Amino acid sequence: MGYHLNFNLIWRHFDKLWQGLVLSLELAVVSILIGAAIGLLLAVWYVSAGKVVRAAISAYVEFIRNVPLILLVYIVFYGIPTVVDFAYSPTASFIGTLSLYSGAYLVEVFRSGLEAVPRGQLDAGKAIGLTPWQRLLYVRLPTMTRITLPALSNTFISLFKDTSVASVIAVPELTYGAQWINFNTFRIVEVYIVTTIMYLVTGYGILFGLRQVERRFKVER
Amino acid sequence: MATILYALPFLLQGFLITLWVSALVVVFSLAGGLVLGVGLVYGPRTVQWLVRLFSDCIRGIPILVLIFVVYYGFPPLGIAINAFWAGVVALTLFKGAQVIEYVRGAISSIPKGQMEAGKAIGLTFVQRLRYVIFPQAVRRFLPPWINGVTDAVKGSALISLLGIVDLMQSINEVIGRTYEAMPLYLLGAFIYFAINYSLSLTSRFVERRYAYIRD
């Protein structure tokens, strides 16, 4: 092994990685919030809708789940602006893509969560005279949220990892920062050691935190 | 339409590369994942610990970073590797970690008594795995595993970033010549969708086929 580790250049450019990490987290948070809104809306619609709407929602979910994320990123960033006269920044474009992407996964999560709410709870709501909206708002959604929490945290972690794909359209997130340092300093091994550790520590840190939250809201069955 | 007809021969080349990479990754990761998965369940403490560490680390790193780590990181350490094999190795690591978890899940769904019964009638460890555990565990293993093959196919699109002309890169190259982005992206999306959706349907079919099994 003729390679000598030298981390000095990494520390000199560490702000690229640090700001990249912060941007990665921001992308993941914004996307999961928009995605959760899409997912929740479609899931609630799905469980009460007819065949056509169900087929349309399933088509959206299956399309997103079966196409590589990088292709979706290209479609939104390079493809759509050629068809409509409309341009957006790489970051906005990526948030749009990741929101649609997480939305598709979350429809499934919320749909099975809604179906897992015990029948008796809804009947009890009916018995005390709640309207269908009140039943949804005060009975079904709170229980669903508690049931789906573990799946939500898993989705968030994988979204955080998926933000690395944003580097292909030059969104300056963590992987992009790593690439920049790689190409400009050639401290290749060092930069990937540091980047990998940053992903691992952040990912498992978040996971650990979310597991604590889950334990607090666990559904006793 | 003319663009699509023009593009198809180019895309076919890429399509074959995508299938080839996915197939290699699936085979290698299955072999490696099975061995390590069995090690995780039945191995001595240190082996269990090492496999757990490996699996958790790999699953905590984005695939794209994994690909860059292998492609850019191995040569300075004296391991010569070209773009194609860097992609295959990185995707195999990623997929292998998944397979380990499927194997663990499948084996631990088999009641302990099965292993003990095998021991009681004097089967060796390999025989117990082969005749008692695997035939039962495979029903639990297959549905998620087949579904997980889609991750290999989808992940293989990322190796286009190393300059390998797979389906994704061949789409990009045709767009570079025709400047018609949207029809070609949608065509590519349709091809990926066709591969992956048929895999998901197979997975669901297998799952239904084994649905009679209850714990």
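Let's start at the contact, which takes 29 residues from chain B and 32 residues from chain A. Two residues count as in contact if their C-beta atoms, placed from the backbone, lie within 7 Å. On chain B, four helices each supply at least two residues of the side that touches chain A: α2 (45-60), α3 (63-73), α6 (125-156) and α8 (181-209). The largest share comes from α8(B), with 10 residues. By class, this side of chain B has 21 nonpolar, seven polar and one charged residues. The classes are these: Ala, Val, Leu, Ile, Met, Phe, Trp, Tyr, Cys and Pro are nonpolar; Asp, Glu, Lys and Arg are charged; the others, Gly among them, are polar.

Some ground rules. This is a predicted model, where local features need pLDDT of at least 70, side-chain atom pairs count only at pLDDT 80 or more, and totals for chains, interfaces and linings use all residues. Residues are numbered from 1 along each chain as its sequence is written, while chains are lettered from A and ligands numbered from 1 in the order in which they are written.

Chain A next. Chain A has nine helices and zero strands. Helices (H or I, at least four residues) and strands (E, at least two) are DSSP runs, numbered from the N terminus. Along the principal axes, the C-alpha atoms of chain A fill a box of roughly 75 × 45 × 25 Å. Of its 221 residues, 39% are buried. Buried means 20 or more other C-beta atoms within 10 Å of the residue's own; exposed means 12 or fewer; partly exposed is in between; the C-beta atoms are placed from the backbone. Take the contacts in chain A between residues at least 6 apart in sequence: 79% of them join residues at least 24 apart.

The record has something to say here. UniProt, in an unreviewed entry, lists "domain: ABC transmembrane type-1" for residues 21-210 of chain A. Positions follow the numbering used here, feature names are shortened, and annotations may be inferred rather than shown by experiment. That span of chain A is 85% helix and 0% strand, and its end C-alpha atoms lie 19 Å apart.

Now zoom in on one helix. The expected span is 1.5 Å times one less than the number of residues. Still, α4(A) has a kink of about 35°, centred on A:I75. The bend at a residue is the angle between axes fitted to the seven residues ending there and the seven starting there.

Buried residues in α4(A) include A:L69, A:I70, A:L71, A:L72 and A:V73. What do the buried residues of α4(A) pack against? They pack against α5 (90-116) and α7 (132-162) of chain A, together with α7 (167-178) and α8 of chain B. A:L71 shows the cross-chain part. Neighbours within four places in sequence aside, A:L71 is in contact with B:A157, B:M168, B:Y185, B:G188, B:A189 and B:Y192.

One partner, α5(A), has 27 residues and reaches 39 Å from first C-alpha to last, close to the 39 Å expected. There is a kink in α5(A) too, of about 25°, centred on A:Y105.

On to the core. A nonpolar core is a set of buried Ala, Val, Leu, Ile, Met, Phe, Trp, Tyr and Cys residues joined through C-beta atoms within 7 Å. The largest one has 110 residues, and those with the most contacts inside it are A:I70, A:L71, A:V73, B:L66, B:I67 and B:A90. Helix α4 (residues 83-108) of chain B gives the largest share of this core, 14 residues.

Finally, chain B. Chain B has eight helices and zero strands. Its C-alpha trace spans about 70 × 45 × 25 Å along the principal axes. Buried residues make up 38% of its 215 residues. The unreviewed UniProt entry puts "domain: ABC transmembrane type-1" on residues 15-203 of chain B. For "transmembrane region", UniProt lists residues 15-42 and 185-206 of chain B. Residues 15-42 of chain B are 100% helix, with end C-alpha atoms 40 Å apart. Residues 185-206 of chain B are also 100% helix, with ends 31 Å apart, C-alpha to C-alpha.

Last stop, B:A2 in helix α1 (residues 2-42) of chain B. B:A2 counts as exposed because it has 9 C-beta neighbours inside 10 Å.
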